[in-house]
Amino acid sequence: MLGQYATTLTFIALGAIFAYSFYAVLIAGQLSLGQAGFAALAAFSGAYLAPAPDDVGDVPSLLVAVAIGMSVGALGAVVLGLPTMHLRGVFLAIATLGFAEAVRVVLLNQEWTGGAQGLGVPRVLTVGMAWTALALVAYWFWRMGRSRYGRALEAIREDELAARSMGIDVGRHRLAAFITAGAVAGLYGVLYAYYVRLIAPNDFDFVAAVEGLVTAVVGGSTMFLGPLLGSGFQTIVPEIQRAVGVEAGWIRPFLASLLLLVVILFLPGGLASLIPRRTRMPSGAADDDATGLAGRRHPEAGEPVVTLSGLGKEYGGVHAVRGVDLEIRAGEVVGLIGPNGAGKTTLVNMISGLVPPSSGSATVLGTTVGSTPVHRIAAAGVSRTFQHSKLFNRLSALENVLVGAHLVSRPTFLRRLFWLPSARRDEQAALRQAARCLERVGLSELAANRAESLSYGDQRRLEIARALASDPSLLILDEPAAGMNHVEAARLSELIRSLARDGLTILFIEHNVGMVLQTCTRVVVLNFGEVIASGAPDEVAADPAVIEAYLGSAEEDADGTGARAGATAAGTGDAPPDAVANLRPGAAGTLDTPDATRDAT
Amino acid sequence: MQQLLNGIFIGSIYALFAIGFTLVFGILDRLNLAHPAVFAASAFVGIELVERGGLSLWAALPVVFVFGAVLGLVIERVAFRPLKNRADAHFAGLISSIALAGMLIALLQWRYGPDTRRFPPGSFPDTRFEVFGAQVTLVQVVILAVSLALMVGLTYMVTRTRLGRGMRAVAENPTAARVLGVNVDRVTAVTFAISSALGAVAGVLFAINVNTAQLGMGAAIELKGLAVIIVGGMGSLPGALIGGLLLGLAEVFAVQHIGSSWVNVIAFGLLFVILLLRPQGLLGARKVREV
């Protein structure tokens, strides 16, 4: 019974293993076609170097070949990966494709490979061995999925910049994924060689690479069963056609392509999206139990957190930020306000390490900003949100926050492979941390929803939860209240003050001046890249320079938008801090006005 | 000299093919892998037009141009438009265009069979010229002239016409273009039509140049096309022209001096070096990342 289908089953397993080598990088958002090259190198070196099965027995011979092949594949991935890891998308695909083609042509011109005639290899692989290897590979990716490492890769796929800001070393993770792909492709190459009896360099050409990619994508590149389903689909469709008597020739490839088109158009997540995805929730209540999380040292109240001196940023002659001197001490809540284009976002981008300053110096939590990578600054204790939400859209709200906890949770992948209980405890601790953060921003009910399905205001709150999950010392919020109505904004203000009571240092940019004055212990006003005022909220609000920056000078007849935005500053300037709720919508000083003008420009 | 000219002729076909590729990528940020199938299909259709339709070689060119344009519209409508709003539109577009290419090649096999096809004997004029001591046929001259004319025409259209402005606006920012009244769907469809029309003409010229059409000819040029657009700079039209000519020359000289089996190593070695040193290509502009 099995014998009849042995060939088909073996090819399903082989195809799936090859597809896993694409899955390994697709899960991190990398499109590589170099796997054919790794497989070719592995197949030839494994078959050539390993002892003959007649001398040492079938299984030992195959195992030695597999070990050689996987090492060669991984090594190839390192050699190719180091210079190409900075490439993205199609560029990476074509560079790796170029590598694979070069490998193919070189092998074709070697004598030991047999050139175009190919190299004879004894058939050793059985169905059982092929499926055992497949099971091991699938197991690897299954255990990876819910580990810290697996989540980090998914985060990189969804938004690389946000992943960096969460403290993920993107370069290292991408290279690790690439090396995994190389090793798996090497495994495929050797198993293939020991099954088909004769291997030629042209078995690993562009068409083969595309087939591997197609298999992975059709199966689904976000779920570990995807490559297996894809390979089953790709192998069985022609078999079924043959069985029901569709004659060879053009109809079979036509129908196979048509099916492929249908799958890709109507099943966005591939075949694996047909399998319902379980969303995991933490067991037990979200208590304050912080065991299993890495401890963080926070600066004492009053210690300097951010020290900027003469900091400036120039874009082609335009000074976005110029000569900013600023010190933020632990426990402060500093509001950064200023008209559009004043350089607020550029300033916080420099503080969080996303943009290198062109002059001056900045020290953040003991780290010098400039050449330090973003993830190191995050590791020092800086966490931030973005002006335009940068969530990991296809992950659930809970998973987003779990990625945020990257820095305080422990790596769990290797321990998960062996089902060590400590890995489970650490995962639970990370889950509790994530659940706490979600609860804090009031999103507990929506934990299982995809981030992209949340409303705008909820997305902003989710970003805050994600930023909180790393237990930061300095929290930077870039226009957290944008797009919120005044009830939501008031609630947000309350949240920020409660975070400050916990000892968190907060720097936030906001156009909602009323909210800033009500929330902050200090307000810094930026205009044309320079600090024009800094001090307690009521002092700043009364400062003529600030009023002028918002309103324009008294002589100048300011244009409509400027005047309305200014009216907010002036209107709330004299009011007590609680005035935010008393502002009448419709009057000149409604809270929403600055946001509306911002969105329109 | 003979080699130089041969390199230029074949290079101009590569360039024409690659320009179609890079046009879609530059404007719509999508890699259309059905492009090589259009290249192959039009070669077969061109041969049939001459063989059965009794058209002369030159009269077949505009017909093939229109055929390619129609194919382009079909590709856009079937393989790309449905994916427009998907987060994974990049990957999905690659796969859906590969699928469509597979269907197209299968249809070619149905109509023309698996064998190599040639133009009927006597389709080619015998006129030859001697240029600096090298032999040049009229056919080769026309190939070069048609390729150059189409590329110049395309450049004029993109830089000077209203449609071209629309294309550039879409390339810059589709949302903003839509807000400003550009019919983005129409511009997208037209871009695909033009791209495929150029690929189709390249296919028929290639078939004329070597007097064969094979089902696998698209796959053979696909890699070269990708190499050319990377070397020239993704999305850069003059880059594709220079890249195509460079590749044609490099190939001809590699065959001459190193051996034909190493041709692809030259092409991809060059590609690799350029990607490492100048990822944006010779004439490409680096996109600035926004925070």
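Over which residues of chain B does pLDDT stay under 50? I looked this up first, since I am working with a predicted model. The stretch is residues 286–291 of chain B, and for it I find four contacts beyond four places in sequence.

**Confidence.** I noted that chain B averages a pLDDT of 85, with 95% of its residues scoring at least 70. For the complex, the predictor gives an ipTM of 0.87 and a pTM of 0.84.

**Chain B against chain A.** I looked up the contact between the chains: 36 residues of chain B are in contact with 39 residues of chain A. On the chain B side, the elements giving two or more residues are H4, H9 (217–232) and H11 (263–277). H4(B) gives the most, with 14 residues. I also checked the make-up of this side of chain B, which divides into 27 nonpolar, seven polar and two charged residues.

**Who meets whom.** From H12(A), the residues in the contact include A:Phe254, A:Leu258, A:Leu261 and A:Leu265. Among those they meet in H4(B) as a group, I listed B:Ile95, B:Ala99, B:Met103 and B:Leu107. The residues of this helix contact divide into 15 nonpolar, three polar and no charged.

Definitions and conventions
Residues numbered from 1 in each chain as written. Chains lettered and ligands numbered in written order. Predicted model: local features only at pLDDT ≥ 70, side-chain atom pairs only at ≥ 80, totals over all residues. Contact = placed C-beta atoms within 7 Å. Helix = DSSP H or I, 4+ residues; strand = E, 2+ residues; numbered from the N terminus. Nonpolar A, V, L, I, M, F, W, Y, C, P; charged D, E, K, R; others polar. pLDDT = per-residue confidence, 0-100.
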